[in-house]
Amino acid sequence: MNSENFTLSEKIVSPSYIRQGSQARRSHEQLIRHLLEQGKCPEEGWSESTIELFLNELAVMDSNNFLGNCGVGEREGRVASSLVARRHYRLIHGIGRSGDIAAIQPKAAGSSLLNKLTNSVVLDILKLAGVRSVASCFVVPMATGMSLTLCFLTLRHRRPKARYIIWPRIDQKSCFKAMITAGFEPVVMENVLEGDELRTDLEAVERKIDELGAENILCVHSTTSCFAPRVPDRLEELATLCAKHNIPHIVNNAYGVQSSKCMHLIQQGARVGRIDAFVQSLDKNFMVPVGGAIIAGFDESFIQEISKMYPGRASASPSLDVLITLLSLGASGYKKLLSERKEIYLFLAQELKSLASAHGERLLHTPHNPISLAMSLDCLQAENEKAVTQLGSMLFTRQVSGARVIPLGKEQTISGHTFRGFMSHSEVYPCPYLNAASAVGITREDVTLCIKRLDKCLKTLKKELNTAKSRDLIFNYTSPP
């Protein structure tokens, strides 16, 4: 209610009670005012009542919620199900206009304000997470792969003759298909093995630039967050190469926002060389439903160019989800989650190392990967070649999700390109292994339970293998010549 309605209310209920209610209302409004003034994530999280009040205030600004609205167009924010309307807080019009996802909608002042505030709050969080010189970003209602495609398509207009994208290999289908979908030819650069780690082959990248010609290369497509034993690309060196040869540089930072190391690499890469845009997932970094990503960069005009490349209006759901989440957590709450993730990474590493030792395996030494860990499965492979794959099935049926078991020699063809040693980021990685990751939101209980079930699976599997061996020995001993 406004001040006039509060005054009128004093004629019905005791003025002292009404004044108390008015003060409570003002405390909510003061938080909202600070958000509108600063455009930053609040330091302390908001209560659900404040968030819902704010969203309801935004919703009544959209034309589909006007009391006297008379809609005669084809897109009037009509919703058949009240359940769907409540799920979206009656913010039905989405974001953007047909020519620009960042444009203001005349019919939807509230949804437009939501979009602008979300982008502003997310930009603040990217700075807080370590990329302090980032200039601009926007939330796009597509996951990381299609968001990368949008970046590549935007670069096409700047480099119409280019047909190649240089891509240090990472065995993840969507980032490879993003280049194919955009109509370009990925040039897969094999990684080099340094100890247990797979790292960027900088010399091979530079040789390939010289061979293809810089003008024929759309961009270098590098990666930060990845499954061990691959580690983040050498971003500073790649950024320097891109600046030297005047080649754009797009970074796949899928779940790197949660890692200060990944964000530091991006910041440093932009400082010493060239990074045109970096793309990150909403669900992996902010614990919201799948379906959104953040495209960010250091040149505001280029980021705006990408946003204008998006055809048509877009769903507001990813923007709404991440704004609600960040308002709930506040900057302090998100920083706490990042700190806890780091602590649990160390705990997971220690637990995996102990378990590996108990089973004659070892924790692979991958100090440059701040999120993912890998444990060798050499002994299991030596027992039976199929045992490694069987371990993966056993873990999945025992509700251990996210652990990846990587056997040797697997092949996979994607859009005509055959990857040998697929999932291991290398044609000839020396051992099979198991992955586990300490990602934002993980708990110590998750780690403890995972280690317990993994230990039990390994023991069960080895027991079954030994039993099978004994049967074979007995059969061979008793069989007639």
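Reader: In which helix is the place of Glu206?

Author: Glu206 is placed in helix 8, which runs over residues 202-212; helices (H or I, at least four residues) and strands (E, at least two) are DSSP runs, numbered from the N terminus. This is a predicted model, in which local features need pLDDT of at least 70 and side-chain atom pairs count only at pLDDT 80 or more, while totals for chains, interfaces and linings use all residues. Residues are numbered from 1 along each chain as its sequence is written, and side-chain values use heavy atoms, with hydrogens and water left out.

Reader: Does Glu206 count as buried, exposed or partly exposed?

Author: The terms rest on relative accessible area: buried is under 20%, exposed is over 50%, and partly exposed lies in between (1.4 Å probe, protein chains only). Glu206 has 23% relative accessibility and therefore counts as partly exposed.

Reader: Which residues does Glu206 touch, not counting those up to four places away in sequence?

Author: A contact means heavy atoms within 4.5 Å. With that exclusion, Glu206 touches Leu241, Lys244 and His245. The side chains of Glu206 and His245 also make a polar contact at 3.3 Å. A polar contact is a pair of N or O atoms within 3.5 Å; within protein, one must be able to donate a hydrogen and the other to accept it, and residues adjacent in sequence count only if both atoms are side-chain atoms. Cys242 is 36 residues from Glu206 in sequence, with 9.6 Å between their C-alpha atoms.

Reader: Which residues does the UniProt annotation "binding site" cover?

Author: UniProt positions are given in the numbering used here, feature names are shortened, and annotations may be inferred rather than shown by experiment. According to the unreviewed UniProt entry, a "binding site" annotation covers Arg271, Arg398 and Lys463. They span 193 residues in sequence and the farthest two C-alpha atoms are 54.9 Å apart, so they do not all gather at one spot. Arg271 belongs to helix 10 (residues 260-272) and is exposed at 57% relative accessibility. Lys463 lies in helix 16 (residues 444-478) and is exposed at 62%. The UniProt record (unreviewed entry) also places the feature "binding site" at Arg75. Arg75 sits in the loop between helix 3 (48-59) and helix 4 (82-87), and is partly exposed at 22% relative accessibility. The side chain of Arg75 is in polar contact with that of His93 at 3.0 Å.

Reader: Into which domains is the chain divided?

Author: Domain bounds come from an automatic or database domain assignment. Here they give domain 1 (1-38), domain 2 (109-330) and domain 3 (334-477). The contact between domain 2 and domain 3 takes 38 residues from domain 2 and 40 residues from domain 3.

Reader: How much area do domain 2 and domain 3 bury between them?

Author: The size of an interface is often expressed as the accessible area lost when the parts come together. Buried area is the accessible area (1.4 Å probe) that two parts lose on being put together, summed over both. Domain 2 and domain 3 bury about 3,400 Å² between them, with 64% of it on carbon and sulfur atoms. In domain 2, the residues losing the most area to domain 3 are Asp171, Asp196 and Gln258, together 20% of what that side buries.

Reader: Where does Asp171 lie?

Author: Asp171 is in the loop between strand 2 (164-168) and helix 7, and at 2% relative accessibility it counts as buried. A polar atom of the Asp171 side chain lies 2.8 Å from the backbone nitrogen of Met423. The side chain of Asp171 also reaches the backbone nitrogen of Ser424 at 3.3 Å.

Reader: How many salt bridges does the rule find across the interface of domain 2 and domain 3?

Author: A salt bridge is a side-chain nitrogen of Lys or Arg within 4 Å of a carboxyl oxygen of Asp or Glu. The rule finds one across the interface of domain 2 and domain 3. Asp196 forms a salt bridge with Arg362, their closest N and O atoms being 2.8 Å apart.

Reader: What is the count of salt bridges by this rule?

Author: The count comes to 17. Among them, Arg158 and Glu305 meet at 2.8 Å, N to O. Arg158 is in helix 6 (residues 144-158) and Glu305 in helix 12 (residues 300-309), so this pair ties together parts 147 residues apart in sequence. Glu37 and Arg33 form another, at 3.0 Å between the closest N and O atoms; they are four residues apart in helix 2 (residues 15-38), which means a separation of about one helical turn.
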